[in-house]
Amino acid sequence: MMPRLNYNSMDHRRSTDLEVDDSPEEESTHRYINLESFELPDAHKKAVPSSPLLSGKNIPTKIASYFRGFCASEELYDTLPGGAKKKRSVYDLRRNLGALGGVFAPVALGQLATNIFLRVGFVVGQAGLLEGLAQLILAYIILELTVLSINAISTNGAVEGGGAYYMISRALGPEFGGSIGFLFYVANILACGLYVAGFVEGVLLNFGEGGSFMKDGEGLPVDSQWWKYLYSTIVLFCCLIICIIGGAMFARTSALILLVVVICTLSVFISVFIKNKTLLISIPTSNSIVYQNASSNVTMYANYTGLSVKTFKENLYEDYTQDYTSNTKLDFATVFAILFSSVTGIMNGANMSGELKDPSKSIPKGTLSAVAFTFCTYVIMTILLAGSCDRFLLQNNYVFLQQINIWPPFVVVGIFAATLSAALGNLIGASRILEALGNDQLFWMLLKPATVTTKSGNPYMAVLISWFLVQLVLLIGSLNAIAPATSVFFLLSYAAVNLACLGLELASAPNFRPTFRYFTWHTCSLGLIGCMIMCFLISAIYTSIALVLMLCLIIVLHIRSLPSTWGSISQALIFHQVRKYLLMLDSRKSHVKYWRPQILLMVANPRQSCQLMDFINDIKKSGLYIIGHVQTGRLDDYPMDPVNELQPKWLKIVDHLKIKAFVELTVANSVPEGFQQLVRIAGLGGMKPNTVCLGFYDSSSPIDTLVKTRPRKRRFFTRGDAESGTYSEVESFFTDLRKEETHRPLSPTEYVMMIRDSLKMHKNVCLCRHFHLLDKRQLLSSSANSFIDVWPINLFQPQMASFFDNTSLFMLQIACILNMVPSWRARTTLRVFLPVNAATDNTVHKEQKLEMFLRQLRIMARIQVVSWDHLQPYLEDPSMAVEGEEDGDKIQEYREVPENFVKALNELIVANSSHTAVSFLYLPNPPADPSSYAKYLSQLESLSSNLQPTVFVHGLHPVTSTTL
């Protein structure tokens, strides 16, 4: 019975419930929606303001509900029709954030961070107003282009936890998504360390020894880097506590901190206008550059001029000096790296996708508004500081804002709030990415601990792991030392988002129709190019390391053969390009110089044809290779098309054998009828089979060749044959071999008719026999040299032994192709046999002619001369005498010869095949009289008895060229 999905009773909490599994059992699943009782998932219902501060009857109720917290008892239940209450699941409990608290606040705080109070003056002092604004605009152009890509992807379907990682992995596939997800995780870890270091720097500049709020000899000790590490550890531990409590606590904290930061920023704007006069601002004693030659009791000062045209002009252009916190010479790239690293919080909202009520609406609205808000804030702050602060002050005091503020603690509180919130955002974002990586099991079971959550769904183990890694990052110490690496990793993540959106757009997939429409492939391309340019501009070393790391991860994940129902953009892009080039591939323009075999191999049961399937894979020479099979019967006899069930099984065997082949199956009343269908319709456009390969029809029992393909070693990186199926799976698909007494679906006459039909349809024909004897592993590992033998004449017409036709050239071409395969070339030699009548032929002359002919064809082969004088007595008809005189027009025709002659020929071939790997023999046309089909097949069987793997070949078209 067909499984069905009842949308009326379906659990809507997981968007993945709507995903279609690509397993064979689910391919025909019928899905329906009952419109009368269908209810939209929570993520698609119209958003209703549900923040406690925006609802309620009075102010005290609102405040109380706000601080009641995430796990308030009334929030743990949903009210059902009739007043009954149903306990909410962990997944429901996590999705409780809106656009303001879940996206706008984290993004705005992440972008303001340390920059708004500690680094705006630094940027203006070093780069000047014009270059500083240019850097700011450049940074925001890159960010905005990336935001457009984020919005496009996030509005194209339901977004789960993991944010940017989830978007990239579901668009680009597990290999690229896993590697970029890892880099994005590292970027968040580094950014968290950066902001914690910035917080501690602000604390020490104000409350450390020599700080602005401390008297001489007082303050927190700063004489050792370990003191800074201790302070950073304490701050990071506070962040850990907040993140352990959960996403809702983070959102409530972010909203309050954002309000504080906005108030503190407004106080700076107001102070510039109120204190519009010259002030002396002290230089912190921690500035070793300024105090290098000064006495211990002297305090150095710089000028705050208030808004002044003169100051404005002096600060227009760049003046790069030495940074007094790191004692390094600054330049454009370093300053831009510090600026950009402080505004890279655009993903903070997307990282919270698992906690958002409606990610597809909240992420675009919250991110765009936050980016616009922070850009305007930075521009206003930059212009005000450039017009009111002396260049010496900007370069040598990064916390001067508090001394010009109407109330100095405003700035201190702002610094602490902005940096602390940014650190929180990156720590909780990193934990969500790590949880998503663990849930997807991309890196084996290494990240399994990161998936452990509380009852309310908070991944506390991922938080703890991230916290520990940030502790290690803090050992670096300096904020400016962490900034370049942070910027590079974020930029690569942004580049990946742009690449994912670009790929989706270029693939023109019908299901890529995001509700956010303000993007094109131009914006994605510019964002991608801009991110990569800035990566190398900021730090070529860090960028190179990150790219090499990403490439290694892609290779590891690719080797691991991950099973995935996510879909990969690579498949959509490949389809798009293949369709375009197939239309350009015109069969009317084909030329013999560029001929290659395009083979249709008919297989009855792959279990008995594994060696043959692998052999044909070697001779395809980058051409088309199709494996065909006919399922006998009438479609009306089946409840559903049996091809739908068989196709995945045949693809499994193709993957198991690691051959590059397509699979074409059909249902027909008889094998010849289905064979005609496949020969006609297999392939597409200019890629159609030109050669048909058949197994040989004889009375021998089938031999199981699948057992020879059993894997001998287990690769470390793979989980068995994850994508292609394990050996046991493949073995279970094709269990039955034909028994001798079993009725065969094909008669000898029908088999010869298939050969005749192939020639009628202008296809070259190959009949393959004894390939169960081909042990490729032993052949290629043996130190002894083997031969690829070609008998390029029609042995059934010995009187025409001097004639070479298209079949002879086709045999030479196929044998040469096989010898060109590196593994075969190393262990085999091509050998061409020249049968002669020693009594009448000029043997030396014929050998020289053949050698010259092969040289013209650039076929490096050894010529083996054999005498067949002893076969003359077996020929009863004088006209069939060896090397008789006859026209070559009928060289391809079959002529019945005495059985003794065939057996003698067979003995001659066997005697010269002691070290032969594969033999190629001439296949004549089937006889015109159907009554002779049995004799024709019988003599082919006798001719190839007791040989190594043998291929009978018949060619119709020219396949070789001697021209350039």
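**Exercise 1.** Decide whether Gln939 counts as buried or exposed, and state why.

*Solution.* Gln939 counts as buried because its relative accessibility is 0%, where buried means under 20% relative accessible area, exposed over 50% and partly exposed in between, with a 1.4 Å probe and protein chains only. The model is predicted, so local features need pLDDT of at least 70 and side-chain atom pairs count only at pLDDT 80 or more, whereas totals for chains, interfaces and linings use all residues. Residues are numbered from 1 along each chain as its sequence is written, and side-chain values use heavy atoms, with hydrogens and water left out.

Finally, once neighbours within four places in sequence are set aside, the contacts of Gln939 include Phe796, Tyr894 and Val902, contact meaning heavy atoms within 4.5 Å.

**Exercise 2.** Find which strands form the edges of the open sheet of ten strands.

*Solution.* Begin with the strand order, which is β11-β10-β9-β12-β13-β18-β17-β14-β15-β16, with mixed pairing; two strands pair if DSSP finds at least two bridges between them. The edge strands are β11 (662–668) and β16 (862–867), each of which pairs on one side only.

Then look at one end: β10 (residues 625–632) pairs with β11 in the parallel sense over seven bridges, and Ile626 has Phe662 in β11 as its bridge partner.

Definitions and conventions: Helix = DSSP H or I, 4+ residues; strand = E, 2+ residues; numbered from the N terminus.
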